[in-house]
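Here's a quick briefing for anyone opening this structure for the first time. Have a look around, then read on.

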Amino acid sequence: MASSPINTLTMPPRFNIELERADADVPFRASQSHIHHTWARTFHARPELYIRPQSLQEIQKVVTLARRMRRRVVTVGCGHSPSDLTCTSAWMVNLDDFKEVLKVDKERSTMTVQAGIRMHSLNEQAREHGLTMPNLGSIDVQSLAGAIATATHGSSMEHGLLSDRVRSLRIVLANGQAVRCSATQSPDLFRAALVSLGGLGIIVEIEFELVPHTDIEWIQTIRPIEDVLADWNNGLWTSNEFVRVWWLPYMKRAIVWRASTTKKEHITPQYNWYGGSVGYHTYHILLWISQYVPRFLPWVEWFVFGMQYGFKDGAVISAVEEQRTGLLMNCLYSQFVNEWSIPLHQGPEALTRLTNWLHGDEVSSGIPFTSKGLYVHSPIEVRVANTTKRQSPRPFLDTTYPDTPTLYLNATLYRPYNQDPPCRERYYQAFEHLMKEYNGRPHWAKNFQTVDHSYLSQAYGEDLSEWTRVRNEVDPQGMFLGAWHRRTLLPSKTEMPVFPLEEKEVLRRDRRTGGQDWIGEQARWWDGGVDVFEKTNPDSEEHSESGESFDLMAGAEAGSSVLLESLRDEMTEKELHERTSHTETTTLLGSMSEFVHTEERLSDERQDVEQFIKEGDDGSGNFNKM
């Protein structure tokens, strides 16, 4: 996408002024026609600007312009998280065009890459150097930065989070500076950025440690759950480097998948029913039928997983392939996913209670919600991680436990043909209640429903406070904060008032084609409300500041930050002085100019957005264009 000419963007007059102030030799590749949606199409949002930079300088220009225009910035990759974490009506930055390998250090087995690189591309290029990623989740389509930012993990007692292999990061902060951090350089920022949830800045470079390229042999077997529980503490999780389990609650059976490195010749799987066209579409249709006849689901579990894995206990399927492909699985259809971590030793009890509850035994399950008439999709995915011997710094928002191996339970619900399953609310309510009894930690990228700062403070303790402290120091105006962060991570508004650039959610609406439209307060003024440049009641929490320069405020607050003081290694004293002098003079003039044009811009944009709300979804899966 080429840099958009100024006259093709419908923006406030102030935007053109600020764009002319910026370096004209650095492109600004933005469009306004993009409709963002998650991979599962659970959420849709229309950003004011959709930006695809191709260089570090372009990313810094985006952040500088956003700061001067007082816009929130959201970074996205493939949008695989089915939550509203990446939804915005402000500025959206996609790093798909920022994906180069910058350096390969064979002695240290590291590759330094631009943050937008997808993991499958990283592995393909690493293969040329005899390397591969040591661990993967279920897919590899995410950007490396996105996988790290949300605490992505695989399933192995020998591995933890993907971010365990990050040796250093470079991140563009709200003040426009690109700073490095590692275990020894700005360690607090490093620990916060290892699981950043997009709330600190834009990660632009990652130094990642790999392992020698290898193949794996995997074997999967269908077994009674009684056998799986009997082996839980007797080698189930330690028999192979990689182990995962798919729990089938109605059949009371489980598929156990194991894999280890090998030098054997490649062998393709003997059978993959729903990996083929007939099985794929048959399963999808059966899920759709169950939307209207939920009690059909136990039979669907028996038929589909019998066809895929075998109807008899002990049925085996195996293969030999590259590790980079062998660790992956087919996610099949649009889905909600609700995954939590609990201590590994509590797994048998938790799974037994959940299975009993799904079978209608509410007494022995101890779950205070009725399961009468409730039928759910299968399987429950069961995975492990182990960071008890971790040498690298622990992320503040790490979902693993430091003193015991970690179990992950994932309650997946498919959305056949983009229809939400009727069991979702009650199933997830019960599931999350059970997880909280074990002081569980939600997977950040998933669809948890009953998590807030109060609960997370109990689960994470001082680590959550430290993450928030670092976040507030490097982004004091909340440029990278949205409604998801406020709802999930931050204290109440009475304890921590709304940040000047924090985006608030103002509307959700169901789409005829499935999923929801998400509309935020910033940039669209969908209801004709007060503009972000217009002064509000100075005593209200929404009041950010009056006529003083935002750049000047940002400079002052950044200068007082102890953390930012430790990041001055990439910014000389002369540059600091020049930046401050330039900011004090030019942005004050820019702020005055903006107020002159407020009424004219509000009138135009109110008409645009009123039309947008009126027309809504055109039935094709996209908004009507404004």
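What follows is a short tour of rings, charges and strands.

This is a predicted model, where local features need pLDDT of at least 70, side-chain atom pairs count only at pLDDT 80 or more, and totals for chains, interfaces and linings use all residues. Residues are numbered from 1 along each chain as its sequence is written, and side-chain values use heavy atoms, with hydrogens and water left out. Helices (H or I, at least four residues) and strands (E, at least two) are DSSP runs, numbered from the N terminus. "Buried" means under 20% relative accessible area, "exposed" over 50%, and "partly exposed" in between (1.4 Å probe, protein chains only).

**Aromatic rings**

- There are 27 aromatic pairs in the structure. Rings of Phe, Tyr and Trp (its six-membered ring) pair if their centres lie within 6.5 Å; planes under 30 degrees apart are stacked, over 60 edge-to-face, and the rest tilted.
- Tyr 333 is buried at 2% relative accessibility, and Tyr 414 is buried at 8%.
- Both belong to an aromatic cluster that also includes Trp 246, Tyr 274, Tyr 280, Tyr 283, Phe 305 and Tyr 309.

**Charges over rings**

- A charge sits over a ring if NZ of Lys or CZ of Arg is within 6 Å of the ring centre and within 35 degrees of the ring normal.
- Lys 436 has its charged end over the ring of Tyr 455, 5.1 Å from the centre.
- Arg 441 has its charged end over the ring of Tyr 401, 4.8 Å from the centre.

**Salt bridges**

- The count comes to 37 salt bridges, each being a side-chain nitrogen of Lys or Arg within 4 Å of a carboxyl oxygen of Asp or Glu.
- Arg 487 and Asp 84 make one of them, at 2.8 Å from N to O. Arg 487 lies in helix 16 (residues 483-488) and Asp 84 in the loop between strand 5 (73-76) and strand 6 (91-94), so the pair ties together parts that are 403 residues apart in sequence.
- Arg 487 is partly exposed at 37%, while Asp 84 is buried at 5%.
- Arg 469 bridges to Glu 466, with the closest N and O atoms 2.9 Å apart. The two are three residues apart in helix 15 (residues 462-474), so about one helical turn separates them.

**A buried charge without a partner**

- Glu 432 sits in helix 13 (residues 424-437).
- Glu 432 is buried yet has no salt bridge, and the nearest side chain of opposite charge, Lys 436, is 5.1 Å away. Here Lys and Arg count as positive and Asp and Glu as negative; His and the chain ends are not counted.

**A covered strand**

- Strand 14 (residues 215-224) is mostly covered, with eight of its 10 residues buried.
- Strand 14 pairs antiparallel with strand 16 (residues 253-262) over 10 bridges; pairing takes at least two DSSP bridges between two strands. Here Asp 215 stands opposite Thr 262.
- Strand 17 (residues 316-322) also runs antiparallel to strand 14, joined by seven bridges, and Ile 219 stands opposite Ser 318 there.
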